Amino acid sequence: MKKDEKECRSLCRELLTEKRKLKTIMDSIADGVFTIDTEWRITTFNRAAERITGFKAEQVIGKVCKEVFCKDVFGTEMCEENCPLKRALETGKPVSNYEINILNRDGRKLTINVSASLLRDESGEVIGGVESFRDVTRLRELNEELKGRYEFQGIIGKNHKMREIYELIGEVAQTKATVLIQGETGTGKDLIARAIHYSSSRRDRPFIKINCAALPESLLESELFGHVKGAFTGAYRNKMGRFELANGGTLFLDEIGELSPMIQAKLLRVLEEGEFERVGGTRTIKIDVRFIAATDRDLRKAVTDGTFREDLFYRLNVVSIFVPPLRERKEDIPLLVRYFMRKFNKEYDRDIVNISPDALGLMLDYDWPGNVRELEHAIEYAFIRCPANTILVQHLPPEIHRTVKTTDRLKDSLEQLEKQQILRALEKSNWNRGQAAEVLGIDRSTLWRKMKKYNLI
């Protein structure tokens, strides 16, 4: 018995030492951590958890998590609806990056990022669960500040040209002026049109959009102006056109450069006089509409070529907004990537939170001929291909790989050609840098820099 008692005391000392080690490790973790047993009783509660929640370990250890923890400690009812620990225990899979708002003991509202997983013994049997959480309140506040600076009515960008557009939208929205938005396809011209409307005093009135390139001339005329019964075969009743539907609000004419000369002439009258007749009708209809037009064509060139009316161009071009292509504002790509990742996480119910540096680098090297729309589709493609929570190079669309590789090969070929030209000029001038620079048509400092680049010193 004395021997057993001695062994028991030794074992207790070892267990106590291990427990102290475990507590030291847990208390050194920056994230809040607590554990529960199979009866949902809280068994550990580390120092970071105390700091974040404002509760001491002795106040919560031993209590049933479901009954008191969520209500008294987290100040939320999430346990009843979507508890990460509950989900982990039910599915047998870990839950990560689940964001909730809590109230700490001082009544301060915090945003925390929660992860949960199962605890198993040596035989693999579930003996409870562990939940970790970190305070991301300040990070979310900073994100909101950045969102305010770099996002305007759903338009994303911190490039100086984009910030100028935000400012111009705010100014023109307070007027009734007609706006012409120009830019390549996929740059988000429709978003700018919507931003102008919803920032204006007409925000509670209709915003009507029509794509001028989507319909043949006869149908487009009826869509814009409406028609009366019997105006043409199939006109069985009177129909209001987009002009009337937009009365009091905004009419967005997308692809305005595709209008036929006849429609251009009729549109000019509406812009100048604010009135029109339905197709086949004689009654003049007065409207109060704010016009916004958009095109990816060079309308000035179209005027010179005679395919677009000069008087209509100047009537539309009261305020001009040019949206830069994505290749000219590549600093916006990381912002857009994060924006679309948040969007598709919601749509696909995924938890993809990272993109590898190599994948992002590949996206920064790509020229994006389809602009923001192509970038959005590339992220959606990556979401379909990505099985984990990080987008890697292999998850990106093949055309990005092909184009970047072709560009790299072309760059290598041009650099090799330049190196050969410099070497020939140096040999011809007996390595006199001044003479070689004169032959090449560059200054000596530029030649010296290129010699170092190509290891020709």
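At 66% relative accessibility, Asn 430 counts as exposed (over 50% relative accessible area, with buried meaning under 20% and partly exposed in between, for a 1.4 Å probe and protein chains only). Its place is the loop between helix H18 (398-428) and helix H19 (433-440); helices (H or I, at least four residues) and strands (E, at least two) are DSSP runs numbered from the N terminus. Phi of Asn 430 sits near 55°, a positive value in a residue other than glycine.

The model is a predicted one, with pLDDT of at least 70 needed for local features and 80 or more for side-chain atom pairs, while totals for chains, interfaces and linings use all residues. Residues are numbered from 1 along each chain as its sequence is written, and side-chain values use heavy atoms, leaving out hydrogens and water.

Now for the sheet. It is open, has 5 strands in the order E2-E1-E5-E4-E3, and its pairing is antiparallel (two strands pair if DSSP finds at least two bridges between them). Strand E2 (42-45) and strand E3 (95-103) are the edges, each pairing on one side only. On average, neighbouring strands are turned by 25° against each other, direction ignored (axes are lines fitted to C-alpha atoms, for helices over the stretch in contact, and angles run from 0 to 180 degrees between N-to-C directions).

Strand E1 (residues 32-37) is joined to strand E5 (residues 126-135) by 6 bridges, and Phe 34 stands opposite Glu 131 in E5. In the loop between E1 and E2 comes Trp 40, which counts as buried at 13% relative accessibility. Phi of Trp 40 is also positive, near 70°.
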